[in-house]
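I opened the model and made notes as I went. The entries below follow the order of my look-ups.

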Amino acid sequence: MPSAQKRTQCALCRDAEPLSFAFSYAFQPIVNMRTRQVFAHEALVRGPAGEPANSVLSRVTADNCYVFDQACRAKAIEIAARLKMPSHLSINFLPNAIYRPELCIRSTLEAARRHDFPVERIIFETVEGEQINDGKWLAEILTEYKRIGFKTAIDDFGAGFAGLNLLADFQPDMVKLDMGLIRGIDQSASRRAIVAGVVSMCAALAIDVIAEGIETADEARCLSDLGIELMQGYWFARPRFEGVVTEDELPGAIAAPIAGSHGRPAGS
């Protein structure tokens, strides 16, 4: 990113007006099917009274996106700490709203220290649907975050934005399979073959795979048979506004191992 552009964006973040709107978060669990525990909660932006995400995101502009991105991180950590969240916290971020990773991360580190939330339990994932203009720039951002101690994840893997070329430059801790690959996978030989190939590739690169968007027990069972341990979706739990989901609230089917579950320890 050109230095002049970095200076402009730094000024936008430093000198920008405070956000004119409030927001909060709902949290959706990511379940480890091997340990039968909630591995993480993904922070999903909502209005201050639980309004849909678009009520907030529609107010994000080119002028306030830098301040918004910083505020999102601090707010997610604040609420997670208040809830005494025992799991990892997964925070979406806007790669195109970052000019220098080592500087943009300062407010996040300050929030983690202020609220006594361990850095090693924070996962940064690229925001769902965010088109990445420069894959090498994203790799640079994620490399810096990993160096600091955060876990990293690529969202919507397989959707065409951040894919194989990115993995050639950087290996995140996790990839989240696009839900288009997950929907009806138990009835689709082609989807099963594609996901099996991704699982094999990620195992060779020491990357954990998260399957998101799971809506049925059959989808969960099929994915478990393919070696995926980390799963997320409405079948487990819907996002909970300013709240966390505990293991005893999850579907009874996960209380006992799903047939075919195997693979290396997830989230390690």
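**Entry 1: F93 and F124.** I looked up F93 first: its relative accessibility is 0%, so F93 counts as buried. Buried means under 20% relative accessible area, exposed over 50%, and partly exposed in between, with a 1.4 Å probe and protein chains only. I then checked F124, which is also buried, at 0% relative accessibility.

**Entry 2: ground rules.** I note that this is a predicted model, in which local features need pLDDT of at least 70, side-chain atom pairs count only at pLDDT 80 or more, and totals for chains, interfaces and linings use all residues. Residues are numbered from 1 along each chain as its sequence is written, and side-chain values use heavy atoms, with hydrogens and water left out.

**Entry 3: the whole protein.** I found ten helices and nine strands. Both are DSSP runs numbered from the N terminus: helices are H or I with at least four residues, strands are E with at least two. The protein has 268 residues, and 49% of them count as buried. I took contacts between residues at least 6 apart in sequence; 71% of them join residues at least 24 apart. Contact here means heavy atoms within 4.5 Å. The accessible surface is about 12,000 Å², and carbon and sulfur atoms hold 51% of that. Those areas come from the Shrake-Rupley method with a 1.4 Å probe; for residues, only the protein chains shown count as cover.

**Entry 4: aromatic pairs.** How many aromatic pairs does the structure hold? I count ten. Rings of Phe, Tyr and Trp (its six-membered ring) pair if their centres lie within 6.5 Å; planes under 30 degrees apart are stacked, over 60 edge-to-face, and the rest tilted. For F23 and F68 the ring centres are 5.4 Å apart and the planes meet at 65°, so I log the pair as edge-to-face. F23 is in the loop between helix 1 (3-15) and strand 1 (24-32), while F68 is in helix 3 (residues 65-82), so this pair ties together parts 45 residues apart in sequence. Both F23 and F68 are buried. Back to F93 and F124: their ring centres are 5.9 Å apart with planes at 90°, so this pair is edge-to-face. F93 belongs to strand 3 (residues 88-93) and F124 to strand 4 (residues 122-126), so the pair links distant parts of the chain, 31 residues apart. I also found one aromatic cluster formed by F21, F23, Y25, F27 and F68.

**Entry 5: charges over rings.** My test is NZ of Lys or CZ of Arg within 6 Å of the ring centre and within 35 degrees of the ring normal. The charged end of R121 sits over the ring of F117, 4.6 Å from its centre. R238 has its charged end over the ring of Y234, 3.9 Å from the centre.

**Entry 6: cysteines.** I searched for cysteine sulfur atoms within 2.5 Å, the disulfide cut-off. The count is zero disulfides. C72 is buried at 6% relative accessibility, and C202 is buried at 0%.

**Entry 7: positive phi.** Which non-glycine residues did I log? R36 has a positive phi of about 60°. R36 is in the loop between strand 1 and strand 2 (37-46) and is buried, with a relative accessible area of 16%. K84 has a positive phi near 55°. K84 lies in the loop between helix 3 and strand 3 and counts as exposed, at 70% relative accessibility.
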